[in-house]
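Please read them alongside the coordinates.

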Amino acid sequence: VQTGFRYALEHGYETAVRLDGDGQHDAAELEALLGPIRRGEADIVTGSRFVDGSGAYRPPLGRRIGILWFAKLVSLLTRQRVTDTTSGFQALNRRGIALFAGDYPSDYPEVEATVLVHKHRLRLVEVPVVMRERETGSSSITLVRSVYYMLKVTLALFVAMVRKYAVPEDEEVRR
């Protein structure tokens, strides 16, 4: 993922989109993500399954608990309401591209990346999207892995909050 952001930065892209390849997100909803960026309201826009409460997507219990835990924890840490920290559907402007080209978490990156956005003082907006059931494959996150994931990522979030970051320079963003 970070390689894609580096490519976008090096080739002068003004906007990039990250879309999971499991068929759960509908690319037809891309316009909803691009709107806040085009209007200058956000640096990063996340397609949220939960932002308006009307979505029909119901993840398995272990995953649902993890999603709720991270939404509450990240909202508390960033002082901004965040509903879907594990979304694989995002649009980013040049500043967001520069951030993730230089520093993108590995392992389970989406949750920690949301904290990075806050630490770097970028503007994050969530827009409602519909999420379909997975078309192919299966999630690597089982109930046991959910517990491990929650512990590991919670620790990573606290480390991220105390870690020193340099806000991306505007000159770097313009390159």
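1. Core contacts of F100. Setting aside neighbours within four places in sequence, F100 is in contact with Q2, F5, I44, Q90, L92, A113 and V117. The model is a predicted one. F100 is also, with L157, one of the residues with the most contacts inside the largest nonpolar core, which has 27 residues. The elements that give two or more residues to this core are α1 (2–10), α3 (61–78), α4 (94–102), α5 (109–119) and α6 (143–162). Of these, α6 gives the most, with five residues.

2. Second core. A separate core of nine residues is also present, and I37, F89, A91 and V129 are among its members. As a general point, nonpolar side chains in soluble globular proteins tend to be buried together.

3. Overall make-up. The protein chain has seven helices and four strands, and from the N terminus on its elements run α-β-α-β-α-β-α-α-β-α-α. Of its 175 residues, 49% are buried. Among contacts with a separation of 6 or more, 82% are between residues 24 or more positions apart. The chain exposes about 9,500 Å², of which carbon and sulfur atoms supply 56%.

4. The sheet. The four strands form an open sheet in the order β1-β3-β2-β4, with mixed pairing. β1 (15–19) and β4 (124–128) stand at the edges with a single partner strand each, so one side of each has no neighbour in the sheet. From one strand to the next, the twist averages 20°. β2 (residues 44–48) and β4 run parallel and are joined by five bridges; S48 stands opposite P128 in β4.

5. Helix α2 against the sheet. Which strands does helix α2 lie across? Helix α2 (residues 30–38) lies across β1, β2, β3 (89–93) and β4, and runs at about 30° to β3. Its buried residues are L33, L34, G35, P36 and I37, and their cover includes β1, β2, β3 and β4. I37 is also listed in the second core. Just after α2, G40 has a positive phi of about 75°.

6. Helix α5. How many of the residues of α5 are buried? Nine of its 11 are, so to speak, under cover: α5 is mostly covered. The buried residues are P109, E110, V111, E112, A113, T114, V115, L116 and V117. R121 follows α5 and has a positive phi, near 60°.

7. Aromatic pairs. The structure holds four aromatic pairs. In one of them, F5 and F100 are tilted, with 5.5 Å centre to centre and 50° between the planes. F5 lies in helix α1 and F100 in helix α4, so this pair ties together parts that are 95 residues apart in sequence. Both F5 and F100 are buried. Ring pairs link F5, F100 and Y104 into a cluster.

8. The Y7 and Y13 pair. Y7 and Y13 form another tilted pair, at 6.1 Å centre to centre with 55° between the planes. F5 and F100, by contrast, are buried.

Methods
Residues numbered from 1 in each chain as written. Predicted model: local features only at pLDDT ≥ 70, side-chain atom pairs only at ≥ 80, totals over all residues. Heavy atoms only, no water. Core = buried A, V, L, I, M, F, W, Y, C linked by side-chain atoms within 4.5 Å. Buried < 20%, exposed > 50% of the residue type's maximum accessible area, 1.4 Å probe, protein only. Contact = heavy atoms within 4.5 Å. Areas by Shrake-Rupley, 256 points an atom, 1.4 Å probe, with all protein chains shown as cover. Pairing = 2+ DSSP bridges. Axes fitted to C-alpha atoms, helices over the stretch in contact; angles between N-to-C directions. Phe/Tyr/Trp six-rings, centres within 6.5 Å; stacked < 30°, edge-to-face > 60°.
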